[in-house]
Amino acid sequence: MGTLYEDDVIAWSELQAALLRRGQWWQLDIDNIAEEIEDVGKSEKRELQSRQTVLLTHLLKWKYQPGRRGSSWVKTIRAQRTAVAEDLVQYPHLKPLLNDPQWLRQVYRRAKMDAEAQTHLQDLPEMLPWTVEQILEPDFFPE
């Protein structure tokens, strides 16, 4: 079964689902099933991380480039806040990540690098300058 998994993951997944439904436990590809299940959680974490990074990047740009503020930044900030909130409703197990210091450092580090690359600013704060509550607050736009 490893060959089918490597060659056609869709066909493999359909076969695994059929075997599960028929109760044919002895024929299941347990190692790859476990890997796929783990990947689901990793994917959701990556999505949350990406949304937070985009949100923080735009908040940094908003704060440190006031002359360039525009409706597209507002739309991006609001869209990312909405998406993060929806992710947390759909996947409540992700919520503790928002207050995990290591998670926040990693997300902010990426956002800072993205903001610096996009703006060429070099004096952005080394540490996240806002609380999680501020970041997710719908009306928060740093001055």
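These questions and answers walk through a predicted model of one protein chain. Local features need pLDDT of at least 70, side-chain atom pairs count only at pLDDT 80 or more, and totals for chains, interfaces and linings use all residues. Residues are numbered from 1 along each chain as its sequence is written, and side-chain values use heavy atoms, with hydrogens and water left out.

Q: How many helices and how many strands does the protein chain have?
A: Helices (H or I, at least four residues) and strands (E, at least two) are DSSP runs, numbered from the N terminus. The elements run α-α-α-α-α-α from that end. The count is six helices and zero strands.

Q: What is the radius of gyration of the protein chain?
A: This value is taken over C-alpha atoms, and the globule rule is 2.2 Å times the number of residues to the power 0.38. For 143 residues the rule gives 15 Å, and the chain is well over that, so it is more spread out than a compact globule. The C-alpha atoms fill a box of roughly 65 × 30 × 30 Å along the principal axes. The radius of gyration is 20 Å.

Q: At what angle do the axes of α2 and α3 cross?
A: Axes are lines fitted to C-alpha atoms, for helices over the stretch in contact, and angles run from 0 to 180 degrees between N-to-C directions. The axes of α2 (residues 9–22) and α3 (residues 30–64) come within 12 Å. The two helices are roughly perpendicular (65 to 115 degrees). Their axes cross at roughly 105 degrees.

Q: Which residues of α3 make the contact with α2?
A: Contact means heavy atoms within 4.5 Å. From α2 come Val9, Trp12 and Gln16. From α3 come Asn32, Ile33 and Glu36.

Q: Is Gln80 buried or exposed?
A: Gln80 is found in helix α4 (residues 71–90). Not counting residues up to four places away in sequence, Gln80 touches Arg51, Val54 and Leu55. Buried means under 20% relative accessible area, exposed over 50%, partly exposed in between (1.4 Å probe, protein chains only). At 14%, Gln80 is buried.

Q: Which residues have the most contacts inside the largest nonpolar core?
A: A nonpolar core is a set of buried Ala, Val, Leu, Ile, Met, Phe, Trp, Tyr and Cys residues joined through side-chain atoms within 4.5 Å. The largest has 25 residues.

Terms used: Parallel < 35°, antiparallel > 145°, perpendicular 65-115°, else oblique.
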